[in-house]
Structure formats: structure tokens, C-alpha cells
Amino acid sequence: MPLKHLIRSAVGRKLFMAATGFILFGFVVAHLLGNLSIYLGADGINAYARHLHQLEPLLWVFRLGLLAAVGLHVLFGIILTLENRSARPVAYKRKKHPRSSLAGRTMIYSGLLLATFIGLHLLHFTFRTIGPQIEMLNGDMPNVFRMIVDSFRQAGYALTYVAAMTVLFFHISHGFASLFQTSGINNEVTLPWLGRLSRTVAIILAAGFVSIPVLIFFGLVIK
Ligand code: HEM
């Protein structure tokens, strides 16, 4: 089917959501694995960051792809939400949702909160316009270990990240299951299992991310 028709059809738009969601999920898993190298100490995470930056200009191709995936995911998410709302112009008198979860009903809000977090996060660690003063190692390579540790020793940053990771948990706990529903690999028997799997995956990812600001804040990751 040509791209134009795909974007114009409701199913096509859902497929776009699923495809971009899958890319972003892959990034989140890879990013967590990279970030966990902080537990190897300053040398571990700084070596990881150095290797990553040595991949330039490939890194920029990857970053632009990621930006496009985020942009399309947000755009189609807003369009789908507006379409769902206009399909039901009169709200239900009594809102009962026997089969839908809180995470499922609030996807647009958790998604927009995450997009806001990503904006702040880029200002914090990528562009380094907010946060504590940065020590440079050589050239334009910051001391990534100190940058993260110095930030999360401050309650404001630690709490903001813990809150954002809680939102991430909600978004993935529904989004992961949606991926499979859109692709059709699901039925009445597998549905409850998929819900459980989705929540487990979301807990593992969110807990992995949350451990970093929490352990640093309580002084368990030493400079
Ligand atoms: C404790 C949690 C996190 C830590 C410590 C962390 C750390 C970092 C650092 C150090 C960078 C800069 C990489 C560099 O340019 O050298 C970065 C970039 C980035 N992070 Fe995170 N991150 C966390 C959570 C997240 C989450 C949950 C998301 C997405 C939902 C995310 C999305 C991104 C994106 C999109 C970039 C830009 C990638 C790039 O510049 O190539 N991060 N993060």
C-alpha cells in the first residue's frame, strides 16, 4: 500500500504507532543497558560514552532517526486520541471501564509527560544547559560519570527522574501489550498473559532506570 494511503487509513496510523513505538522501546532497552555501566564506576560509563561518541557521524544518523520516531509517535498518538474522542462525541454518563486499565486510558497523558521529560533530559545531559557544572575530560567529552552523580546527589533532579520513570512504567505497561495487539499476534487466551508480561517488562525497565538516581542520591554510587 502506498505511504499516502497508509497514513490516511485508521489501521495504517495504528501500524505507524506500533512501528515507531517498537523503535522507541528498542532504544529504551539499549539506553538502560548503557546507563547501567555506571555501576562499573567512572571508567566504565566514561568508556561507554567515549565509544558512543566515536561512532559519529553515524551517531547523528541514529539521533535523527530517533527524533523522527519520537515526532511521528507523538503526532499519531495525538491524532488517534482526537479520532477516538470524536467517534464518541457524548461522553458516557457513568464511566465504567471493566476491561481497560488506568495505564491504557491515560496513554496520551503519560506520552505527553514523557515527551516533556525527554526535552528536559536532552537539555540536562545532551546539551548540558541545565544541571551542575560539568568537568570536561578532553576536547568536548564531558566526565559523564560525574555529570550524572553530581546531578542525582540533588533531591530535585533525583525526584524528577524517579517521577518520570514512574510515568515510563505506566506508558510501557500498556504500550508493550498494544504492540502485539496491533500486530494481531494475540487472542482471548493469550490476552491476560500479555498484560502480565507487559507489566513485568515495564517494571524491570523502570526499576533499572530508577535505581540510578535512587542509589546515587543515597550515596551508594561513590565518586
Ligand atoms: C536514570 C535515567 C537516565 C539516565 C542516567 C540517562 C542518561 C543519559 C545520558 C548521560 C545521555 C547523554 C548521552 C550522550 O550524549 O553522551 C542521555 C541521552 C538521551 N537519553 Fe537518557 N538517561 C536516562 C533515562 C532516559 C529515558 C527513560 C529516556 C527515554 C524515555 C531517555 C532518553 C534519552 C535520549 C532520547 C537521549 C539522546 C540520545 C543521544 O543524544 O544520542 N533517557 N541519557
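Biologist: Which residues in α2 meet α4?
Modeller: In this predicted model, the α2 side of the contact consists of Ala10, Arg13, Phe16, Met17, Thr20, Gly21, Ile23, Leu24 and Phe27. On the α4 side they meet Leu66, Ala69, Val70, Leu72, His73, Phe76, Gly77, Ile79, Leu80 and Glu83. Residues count as in contact when their C-beta atoms, placed from the backbone, lie within 7 Å.

Biologist: How many residues of the contact of α2 with α4 are nonpolar, polar and charged?
Modeller: There are 13 nonpolar, four polar and two charged residues in the contact of α2 with α4. Gly21 and Gly77 are listed in this contact, and glycine counts as polar here.

Biologist: Why is α2 called oblique to α4?
Modeller: The axes of α2 and α4 cross at roughly 140° and come within 9 Å. Roughly antiparallel needs an angle over 145 degrees, and roughly perpendicular covers 65 to 115. The crossing of α2 and α4 is left-handed.

Biologist: Why are α4 and α6 called roughly antiparallel?
Modeller: α4 and α6 pack at an angle of about 155°, with their axes 10 Å apart. The cut-off is over 145 degrees, and α4 and α6 are therefore roughly antiparallel to each other. α4 passes α6 in a left-handed crossing.

Biologist: Which residues in α4 meet α6?
Modeller: Val70, Val74, Gly77 and Thr81 in α4 meet Ile108, Gly111, Ala115 and Ile118 in α6. By class, this contact of α4 with α6 has five nonpolar, three polar and no charged residues.

Biologist: What surrounds the ligand?
Modeller: A shell of 19 residues surrounds the ligand, and the closest are Arg63, Phe125, Thr126, Phe209 and Ile212. A residue belongs to this set if its C-beta atom, placed from the backbone, lies within 6 Å. By class, the shell has 14 nonpolar, four polar and one charged.

Biologist: Which helix gives the most to the shell around the ligand?
Modeller: α6 does, with six residues. At least two residues of the shell come from each of α2, α4, α6, α7 (144–152), α8 (155–183) and α9 (191–217).

Biologist: What is the peptide bond from Glu56 to Pro57, cis or trans?
Modeller: That bond is cis, with omega near 5°. Pro57 lies in the loop between α3 (42–54) and α4. Most peptide bonds are trans.

Biologist: What is the phi of Arg128?
Modeller: Arg128 has a positive phi of about 55° and is not a glycine. Most residues other than glycine have a negative phi. Arg128 sits in the loop between α6 and β1 (136–138).

Biologist: Why is Arg128 called partly exposed?
Modeller: A residue is buried at 20 or more other C-beta atoms within 10 Å and exposed at 12 or fewer. Arg128 has 14, so Arg128 is partly exposed.

Biologist: How many residues are in the chain, and what percentage of them is buried?
Modeller: The chain has 223 residues, and buried residues make up 21% of them.

Biologist: How many helices and strands does the chain have?
Modeller: There are nine helices and two strands, in the pattern α-α-α-α-α-α-β-β-α-α-α along the sequence. Among contacts between residues at least 6 apart in sequence, 74% join residues at least 24 apart.

Note on methods
Residues are numbered from 1 along each chain as its sequence is written. This is a predicted model: local features need pLDDT of at least 70, side-chain atom pairs count only at pLDDT 80 or more; totals for chains, interfaces and linings use all residues. Helices (H or I, at least four residues) and strands (E, at least two) are DSSP runs, numbered from the N terminus. Axes are lines fitted to C-alpha atoms, for helices over the stretch in contact, and angles run from 0 to 180 degrees between N-to-C directions. Angles under 35 degrees count as roughly parallel, over 145 as roughly antiparallel, 65 to 115 as roughly perpendicular and the rest as oblique. A crossing is left-handed if the near helix is turned anticlockwise from the far one by less than a right angle, and right-handed if clockwise. Two residues are in contact if their C-beta atoms, placed from the backbone, lie within 7 Å.
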